Amino acid sequence: MIGFILIVIALAWQSDDAYHGYVMSRNLVEGHGFVYNIGERSTASTCPLFTLIIAAAYFITREMYFTSLLVCTLLSAGAYYILAYKFCKTKEQVLIGFLALAGSQAFISYTTSGLENSLLFFLSAVFLEILVKHEKYSASSMLKMAVVFSLLAMARMDEVLLFIPVIVWVYLFKRDNVSFIQAVGLGILGLMPFILWEAFATFYFGFPFPNPAYVKLGTSIPMIQYLKRGVLYAFYTALDDLVVVIVPAAVVILTLFSKRIKYILVAAGLAIYGIYIVRIGGDFMMGRHFTNMLFVAVSLFMIMQNSELPSFKVMRQLRTVFNATVIISVVFAATFGRTVGSQYLMGHNYSSQISDEREYYFNTTGLYNNIVSLVRTGKLCIPDTWNNEATEDLRANGLNGGIIENAAGILVYYNHDLYLNDTYALGDPFLSKLPANYNDNWRVGHLRREVPHGYRASIWFDRNEIKDKDLHEYYEKIRLITRGKLFDSERIRSIIEMNMGKYQYLIDQYEARRAQEEEK
């Protein structure tokens, strides 16, 4: 346990993307609302529960960097504690579990990245702990399971794919003195945190899903290209970190030899989630989406081998295969992927749009470097991550904000007096709804939008200056939804109509005209 925590702390860092959520956490605590840019109700965070947890911690300390690292470390340590002390029953299992997690560069990277991964590890551990305690489930156990499932959805919606097969099985076939009608009621009650969040998000932001989801969905890129990117994502990740790819795959296969249907269903969830990751094109952050798969896979195998009969010959053979897979994967990653030292401190570059984020940001966001900077200069070195030329230009021109080339999370966080968005539109409720500009070397989740004539002026002067008549009307509705009075009846009507697609024709007409102009 201590060794795991020491590794996590020694290699602690923060992702730039985490600061998009931190901006919202700070704005909430400081009384500006749960918003990305002050005065506009839009979200740039895909993990509302984690963002709210960070806000609660920030409320106590009023300091973000060390506070967020502490939260991530505690959540990751809590997940590891459940694995090592609840799921592992022998010293061999503890050692193999430690090697599997500590031997994965991606897993260690995302224990402290400031993204939702650490929360996912912890909630997955809690879910599995509830699952493993019983053969049949009482009303209390079923409710607890549904609540944790709901919290997972609030941490990251797509993560529930891991546990949908097994929770459906529990609710349909493994009830203990609970009728079907009662089970439905328990399920709805357990899902209330997520249901209430969705109701709040739709009312407050005007949309049920996080703004980055609309950015990533509105690309019109053929599925085959996403599948190719997804396969490359797994391939490049395996080159850097074989452990995080091969161990979950091995567990899915090995679990087929189990006699317990609930373990097979958890493995099915792993397979479904892995297919989903490939389908969405993976990610630009190397290994990130495989990390919770690794944690669940390691936990599942520890649980499985302890619940089967110790004398079960096949299980002993499977344990040998699993242990060998972990050891060989760790050795491969350390020897061929990179040396042990560079694995943790430097990272690896490939000619692709998939990158080792910790390698890129470690020098300015790493815990060690920031402690040294704090001791030497009295300030953190994080603000030096991004050049402030764009923000300086805005201030020099007397502007309160604008659409700049790259509104990175850290840049936005340390320039909170300005309204900042960019053409990636992660926090822009208007641009995110426009069609993406395609390029052959596209990066997952990062396709730029064309800025309509007059939109920059609309941000500068806080009024609708868009020249295109259709987009002018559409933006007027967006302004009403995101900047109008919360309880205005016209705003509420517009939210309903917007989500029912009533105004989509305005975007379609704009896109059609743009296509015609490009053909000329």
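In the predicted model, Phe4, Tyr80, Phe107, Phe121 and Phe295 are linked by ring pairs into a cluster. The count of aromatic pairs comes to 31. One of them joins Tyr455 and Tyr475, whose ring centres are 5.3 Å apart and whose planes stand at 90 degrees, so the pair is classed as edge-to-face. Because Tyr455 belongs to helix H23 (residues 455–461) and Tyr475 to helix H24 (residues 469–483), this pair ties together parts that are 20 residues apart in sequence.

Lys433 lies over the face of Phe207, at 4.2 Å from the ring centre, and over the face of Tyr214, where the distance to the ring centre is 4.8 Å.

A search of the whole structure gives 20 salt bridges. Arg156 and Asp158 meet through their side chains at 2.9 Å, N to O; Arg156 is buried, with a relative accessible area of 9%, and Asp158 is buried at 13%. In the salt bridge between Asp283 and Arg288, the N to O distance is 3.6 Å. Asp283 has a relative accessible area of 5% and is therefore buried, as is Arg288 at 8%. A further salt bridge, at 3.3 Å, N to O, is formed by the side chains of Glu497 and Lys502. Here Glu497 counts as buried at 16% relative accessibility, whereas Lys502, at 48%, counts as partly exposed. Through shared partners, salt bridges join Glu116, Arg156, Asp158, Asp283 and Arg288 into one network.

At least two residues of the patch come from each of helix H9 (164–173) and helix H10 (180–190).

The loop between H9 and H10 contains Asn177 and Val178. Asn177 is not a glycine, yet its phi is positive, at about 60 degrees. With 78% relative accessibility, Asn177 counts as exposed. Val178, in contrast, is buried, with a relative accessible area of 10%. The C-alpha atom of Val178 is separated by 6.3 Å from that of Ala139, a residue 39 positions away along the chain.

Most residues other than glycine have a negative phi. A positive value is also found at Ala425, where phi is near 65 degrees. This residue, Ala425, is located in the loop between strand S2 (419–422) and H23. Ala425 is buried, with a relative accessible area of 0%.

Helix H19 spans residues 357–365, and its buried residues are Glu357, Arg358, Tyr361, Phe362, Thr364 and Thr365. The N-terminal end of H19 is capped by Asp356, which places a side-chain oxygen 3.2 Å from the backbone nitrogen of Arg358.

Terms used: Residues numbered from 1 in each chain as written. Predicted model: local features only at pLDDT ≥ 70, side-chain atom pairs only at ≥ 80, totals over all residues. Heavy atoms only, no water. Helix = DSSP H or I, 4+ residues; strand = E, 2+ residues; numbered from the N terminus. Buried < 20%, exposed > 50% of the residue type's maximum accessible area, 1.4 Å probe, protein only. Polar contact = N/O pair within 3.5 Å; in protein donor to acceptor, adjacent residues only side chain to side chain. Phe/Tyr/Trp six-rings, centres within 6.5 Å; stacked < 30°, edge-to-face > 60°. Lys NZ or Arg CZ within 6 Å of the ring centre and 35° of its normal. Salt bridge = Lys/Arg side-chain N within 4 Å of Asp/Glu carboxyl O.
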